[in-house]
Amino acid sequence: MLADPKAPDLSRRSFLRTAGRLTVGTALLGLATPLAQAAKTAEEQASGPAPVSGKERLIVRSQNPVNLETPISLLSSWITPNDAHFVRCHHNVPVVDRAAWTLVVDGEVERPLTLTFQELKAFPRVTAVRTLECAGNGRSFFTPKTPGTQWTNGAVSTARYEGVRLADVLNRAGIRPSGKHVMFNGADVPALPSAPDFVRSIPIEKALSADTLLVHTMNGEPLPTMHGYPLRVIPAGWIGAACVKWLVQIRVLREAHDGHFMVKAYRFPQAPIAPGAEPDPTQMVSLTGLEVKSLITAPLQNATVPASPLVVKGVAWAGEEEIAKVEVSIDLGRTWQAARLEGERERYAWRLWDFQWGAPEPGSYLVMARATDSAGRTQPIEQAWNPSGYLWNVLDRVRVNVVKS
Amino acid sequence: MQLGRYLAGRVLLFAMLVLTSVPVQGQSLKLPEGKDVEKVRTQCSLCHGVELVAQQRLDRRGWSRVVDQMIAFGAPVSPAERDALLTYLETYLGPKVAIPEGMR
């Protein structure tokens, strides 16, 4: 919503409570069908929640809000197809009419702007491949458990985006010297007007980076509804929550935005804490760039394979850094061997890698992968526990059963 | 226009709720039956699906943080009801309750 997220308006709020009930009837008339779930067969009902239309191959972590995880088997290509890209939403999925849509740029600027989609598209066009990962990817692996969507490994995907540089738009508005942060607000709204809207901000340096984009096209198609149609910001290499969808407002601020999703959520203890401990809120810092991480995409967990030469494959990424190497161990970490980085390469996009595993003897193996990045960061063997289960990046491991060929 | 946008959001939200109101199936995402399960269902589904609740495993302290957060967000929960919710949650969705296959 466009309103100042900090300004409560009680009369409007109570009106909306009533209005909300009235709209149920309107909804039944079929005003909004794109998000309708496909009709469920008896079989589907017995086995689990119905798939979400257009994302049938994904694991439904929740239907409301829509949170969909990509199975590892679909993450074996450099570019993830749109129908396989993971989805993370905080509120509803708004369906925006692009012809009526505008982007407001205001706050600490010389010339506030209201841009139509055509005007936005007229800025110099940029194409870039970006890996996006939810900060909570891997949350289900934490002990003790932490609250939130219980992702396993698949809240990560990579796509080729087209759009414009955020810096070009901000420079047209003219940033005042007082402008130090840039806030993003989408057309999504919380279920209760009293609940915090999903609003995030990034420091001005990151906003002005030539790599921070406003994207309108994903893998050659208009940004799909669930991915933020018509416009999404992507601060390259930063957590998924920084990539605000369904953008309607960009506001330049003097300080970081002070809403719930900046001051309470997406924060991490500055100093390591004991598992289960409650950190001092003043000692928590806002999450920015992603960690170094790799995933084994083949063989899959608990796969049975014949005792013949085998290729272990995977992906590796490192947020704002680049992948320097990936190593594989098949002897429980006693020795590590270099995997081959292969395929296409672009900064802020994951690398594909593979490893030739010469004919292993029959038996049960734990295959492990560990990535190291250009800053020297490497995947740990144990995770730094944190209260919201963010940034899981323990080295990946899959159990592989090798049988006589 | 602001209000219009907000209402449009509400329409869609309720459309989603109505159109997806077939109960979420599959043991992994269902609330376990138990005392006060209806209170949990009613309160939590005011804003989100209960599948989000059913996949958590927290102790009473962890659950109270979550419930108090929701109350701060505007969930209309009385002190007595808060207690009932917490007792259900720690009993049926506590750290020792097994996590069903398909959710891990």
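In the predicted model, helix 4 of chain A spans residues 166–173, and A:Leu166, A:Ala167, A:Val169, A:Leu170 and A:Ala173 are buried within this helix. Viewed down the helix axis, the buried residues of helix 4 fall within an arc of 160°, so they line one face of the helix. An α-helix has 3.6 residues a turn, so residues three or four places apart point the same way. Helix 4 of chain A is followed by A:Gly174, which has a positive phi, near 80°.

In soluble globular proteins, nonpolar side chains tend to be buried together.

Strand 18 of chain A covers residues 310–317; six of its eight residues are buried, so the strand is largely enclosed by the rest of the structure. Strand 18 is joined by five bridges to strand 16 (residues 293–298) of chain A, and the two run antiparallel. In this pairing, A:Lys293 stands opposite A:Trp317 of strand 18. Seven bridges join strand 18 to strand 22 (residues 351–357) of chain A, again in an antiparallel arrangement. Here A:Ala316 has A:Arg351, in strand 22, as its bridge partner.

Strand 16 also contributes to the second largest pocket, giving four residues to its lining, the most of any element. The elements that supply two or more lining residues to this pocket are strand 16 and strand 24 (396–403) of chain A. The second largest pocket holds about 610 Å³ of space and is lined by 26 residues. Of these lining residues, A:Ile72, A:Phe141, A:Thr152, A:Asn153 and A:Gln301 lie nearest the centre of the pocket.

A further position considered is A:Ala122, in the loop between helix 3 (117–121) and strand 6 (125–133) of chain A. A:Ala122 has a relative accessible area of 63%; because this value is over the 50% cut-off, the residue is classed as exposed. Between A:Ala122 and A:Leu290 the C-alpha to C-alpha distance is 31 Å, and the two residues are 168 residues apart in sequence.

Note on methods: Residues are numbered from 1 along each chain as its sequence is written. Chains are lettered from A and ligands numbered from 1 in the order in which they are written. This is a predicted model: local features need pLDDT of at least 70, side-chain atom pairs count only at pLDDT 80 or more; totals for chains, interfaces and linings use all residues. Side-chain values use heavy atoms; hydrogens and water are left out. Buried means under 20% relative accessible area, exposed over 50%, partly exposed in between (1.4 Å probe, protein chains only). Two strands pair if DSSP finds at least two bridges between them. The arc is that of the directions from the helix axis to the C-beta atoms. On a 1 Å grid over the protein atoms alone, a cavity is a set of points where a 1.4 Å probe fits but cannot get out, and a pocket is an open set with protein on both sides within 12 Å along at least five of seven lines; lining residues have an atom within 4 Å of a point. Grid points are joined across faces, edges and corners, and a volume is the space filled by probe spheres set on the points.
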